[in-house]
Amino acid sequence: MGTLYLMRHGQTLFNQLGKIQGACDSPLTELGIAQAQQAQTYFQENQIVFESIYASTQERAVDTAKIVARTEEIRMLKGLKEWNFGTFEGESERLNPKRKPGETSYGDFFVPYGGESADQVQNRMYETISQLMDNSTGGAVLAVSHGGAMYRFIQKIVPEDIVATLRFTNCCILVFDYAEQTFSFKGIVHPTTPNS
């Protein structure tokens with residue numbers, strides 16, 4: 001059995017400005033750097049040592065992983081990237097579509113605009129993370145990714161009534177056990193919020 005710590009990057013400039021940030025990138029803010037340092041403290045205080053450290057190929061995830069793991073040796077995987085929102089990239093978050101009653105994702109909304117569908121994001125995340133866990137030796141694995149991609153990943157594993165209660169804050173950590181090619185959700189950690 002292995003343990004997956006699937007973590008969101010720290011706050012970025014686009015997060016701060018309320019801009020849609022998927023395939024495009026922006027740097028961590030000072031707060032984002034501090035959040036990553038708080039996550040590093042959480043892992044250190046809980047004596048969690050990683051056998052492998054992964055990040056999406058995007059700057060905000062790689063920089064977060066380097067701070068958290070205190071190493072430059074990060075394996076970058078395109079499969080951990082954020083949802084591609086097509087021509088909505090870099091625009092105001094106010095332009096995000098409203099979900100229809102009963103819907104739990106944006107579905108195929110972004111496809112006509114050059115982006116990905118919800119299923120495409122979910123499938124690549126699940127395949128990528130399953131493969132990296134299959135390659136582990138049973139220890140702790142850190143994977144730094146993005147809010148939308150993490151949301152689609154956990155939706156494949158956990159009932160929607162539970163997913164709906166989770167907050168995907170910057171540097172939140174989803175914890176899963178992995179055994180016999182099956183993920184078991186253990187909980188979410190918010191290292192930037194005391195007593196969470």
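I take partly exposed to mean a relative accessible area between the 20% under which a residue is buried and the 50% over which it is exposed. The model I am reading is predicted.

**Entry 1: Leu 13**

I started with Leu 13, in helix H1, residues 13-17. Its relative accessible area is 34%, so I log Leu 13 as partly exposed. I then looked up its contacts, leaving aside neighbours within four places in sequence. Leu 13 is in contact with Ser 26, Pro 27 and Thr 29. I also checked Leu 13 against Glu 180, 167 residues away along the chain. Their C-alpha atoms are separated by 40 Å.

**Entry 2: the hairpin**

Glu 180 took me to strands S5 (residues 173-179) and S6 (residues 182-189). They run antiparallel and are joined by 7 bridges. Phe 176 has Phe 185 in S6 as its bridge partner. The two strands form a hairpin, with 2 residues between them. Glu 180 sits in the turn, and its phi is positive, about 50°.

Next I looked at Gly 187, which lies in S6. Is Gly 187 buried or exposed? Gly 187 counts as buried, because its relative accessibility is 18% and the cut-off for buried is under 20%. Not counting residues up to four places away in sequence, Gly 187 touches Ile 173, Leu 174 and Val 175.

**Entry 3: the cores**

The largest nonpolar core has 31 residues. Leu 4, Leu 6 and Ile 129 have the most contacts inside this core. S1 (2-8), H4 (118-134), S4 (140-145), H5 and S5 each supply at least two of its residues. Which element gives the most? H4 does, with 6 residues.

A second, separate core has 22 residues, among them Met 7, Ala 39, Ile 48 and Val 144.

**Entry 4: helix H3**

In H3 (residues 59-69), I found Arg 60, Ala 61, Val 62, Thr 64, Ala 65 and Val 68 buried. What covers them? The cover includes S1, H2 (30-45), S2 (50-56), S3 (75-77) and S4.

**Entry 5: positive phi**

Most residues other than glycine have a negative phi. Arg 70 follows H3 and is found in the loop between H3 and S3. Its phi is positive, about 55°, although Arg 70 is not a glycine. Arg 70 counts as exposed because its relative accessibility is 61%.

Cys 171 is the other entry on my list, with phi near 70°. Cys 171 is found in the loop between H6 (160-163) and S5. Its relative accessible area is 0%, so Cys 171 is buried.

**Entry 6: the largest pocket**

How much space lies in the largest pocket? I noted about 470 Å³. This pocket is lined by 19 residues. The closest to its centre are Arg 8, Glu 82, Phe 85, Gly 147 and Gly 148. Helix H5 (residues 147-155) gives the largest share of the lining, 3 residues. By type, the lining residues divide into 6 nonpolar, 7 polar and 6 charged.

How values were computed: Residues are numbered from 1 along each chain as its sequence is written. This is a predicted model: local features need pLDDT of at least 70, side-chain atom pairs count only at pLDDT 80 or more; totals for chains, interfaces and linings use all residues. Side-chain values use heavy atoms; hydrogens and water are left out. On a 1 Å grid over the protein atoms alone, a cavity is a set of points where a 1.4 Å probe fits but cannot get out, and a pocket is an open set with protein on both sides within 12 Å along at least five of seven lines; lining residues have an atom within 4 Å of a point. Grid points are joined across faces, edges and corners, and a volume is the space filled by probe spheres set on the points. Helices (H or I, at least four residues) and strands (E, at least two) are DSSP runs, numbered from the N terminus. Ala, Val, Leu, Ile, Met, Phe, Trp, Tyr, Cys and Pro count as nonpolar, Asp, Glu, Lys and Arg as charged, and the others, Gly among them, as polar. Two strands pair if DSSP finds at least two bridges between them. A nonpolar core is a set of buried Ala, Val, Leu, Ile, Met, Phe, Trp, Tyr and Cys residues joined through side-chain atoms within 4.5 Å. Buried means under 20% relative accessible area, exposed over 50%, partly exposed in between (1.4 Å probe, protein chains only). Contact means heavy atoms within 4.5 Å.
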